[in-house]
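Student: I would like a close look at a single part of this model, with the terms spelled out.

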Amino acid sequence: MTDPIRPQKGIMDIALYQGGSSHVAGISDAVKLSSNENPFGPSPKAKEAFQRAVHKLHRYPSTDHAALRQAIGEVHGLDPARIICGVGSDEIIHFLCQAYAGPKDEVVFTEHGFLMYRISAMAAGARPVAVRERDRTTDVDAILAACTRNTRLVFIANPNNPTGTMIGLPEIERLAAGLPQHAILVLDGAYAEYVEGYDGGAALATERPNVVITRTFSKIYGLGGLRIGWGYGPQAIIDVLNRIRGPFNLSNAQLDVAEAAVRDQDYVARCREDNSRMRAWLAEALAEKGVPSDTSTANFILARFADEDEAAACDQFLQGQGLIVRRVSSYGLPHCLRITIGDEASCRRVAHAIGQFKGRK
Ligand SMILES: *Cc1c(COP(=O)(O)O)cnc(C)c1O
């Protein structure tokens, strides 16, 4: 008798990732505020690069991503040899788990952390370990206490999704210094560009042998549909990740568009300023209507309601108005709704609708 076909242990325990929805039945002009996308889309220079890429469709892309790594290195002041590019930062997270965590190993993240950490850890056969946060904020002491001799990776999104909160560099340094020697600290900087002057932990990753950062073109760069991200860290770790990276993981279009986008930092600065302005406005407008949120450093706010029922009812009400926000029960926050900062008109619409919802009760 032969054994039945079955996947590796742990894979069937993975809950399928649910993306932010983009449709409401019966409404054609719905406003999507559920996936933290840049409401203005990418830089015009990135769009031009995409159009030019049509002439290269028959050519295989570069395997070493040299031009894109060079551009990222110049813009961020980093050694291009220590940069790796991936199909979204999701792929870098996946590489890290595949390369550094396996059966009996532990991958640590925070209780309201990004779902991909758990998924990638389980895909590698490792044990996901969720550590409690303090008031929806990363708690360095709790993470350090959760580390064991089996801990291989510690993932922190800073700013965090879906809470929007972040911790300062001194706290991150304390975490990096306090981890067991066999563990890597991964700083996910998907929203780092929204924080003026924050390097996403790049300086720390330059100095320390145990810190890797990940970044993405999906958020402030407005390129979520194209799937490009990158990581930076110690040469030894980047060399390991490159061994499991598919040689043609990024297409010509992805490489060329990302390069044009990263070189247009004026566009990034304008998006950051607009986001900060509308985020402050929206947080205050909701607070006035009795819906508090923690101070967000990202391109969304986490609106808190009395309980799960109220959050669900508000979500339903917003959908009826053609406004799509994100339920975050799967992140352990059933009483909250995550609302992406859209353009000014969208922010006004969502604030007005939440005011109506609160007023009618
Ligand atoms: C959106 C997001 C990412 C980006 O993922 P990509 O694969 O680069 O699109 C990574 N981490 C966090 C915490 C995010 O919210």
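Student: Which helices and strands each supply at least two residues of the lining of the second largest pocket?

Tutor: The model is predicted: local features need pLDDT of at least 70, side-chain atom pairs count only at pLDDT 80 or more, and totals for chains, interfaces and linings use all residues. Residues are numbered from 1 along each chain as its sequence is written, and side-chain values use heavy atoms, with hydrogens and water left out.

Helix 4, helix 11 (308-320) and strand 11 (326-328) each supply at least two residues of that lining. Helices (H or I, at least four residues) and strands (E, at least two) are DSSP runs, numbered from the N terminus. Helix 4 gives the most, with four residues.

The second largest pocket has a volume of about 360 Å³. Its lining has 21 residues, and Tyr17, Gln18, Leu115, Arg326 and Ser330 are the closest to its centre. On a 1 Å grid over the protein atoms alone, a pocket is an open set of points where a 1.4 Å probe fits, with protein on both sides within 12 Å along at least five of seven lines; lining residues have an atom within 4 Å of a point. Grid points are joined across faces, edges and corners, and a volume is the space filled by probe spheres set on the points.

By class, 10 residues of this lining are nonpolar, six polar and five charged. Ala, Val, Leu, Ile, Met, Phe, Trp, Tyr, Cys and Pro count as nonpolar, Asp, Glu, Lys and Arg as charged, and the others, Gly among them, as polar.

Domain 1 (11-41 + 266-359) and domain 2 (44-264) each give at least three residues to the lining of the second largest pocket. These bounds come from an automatic or database domain assignment. The centres of the two domains, taken over C-alpha atoms, are 25 Å apart. Their contact (heavy atoms within 4.5 Å) takes 30 residues from domain 1 and 30 residues from domain 2.
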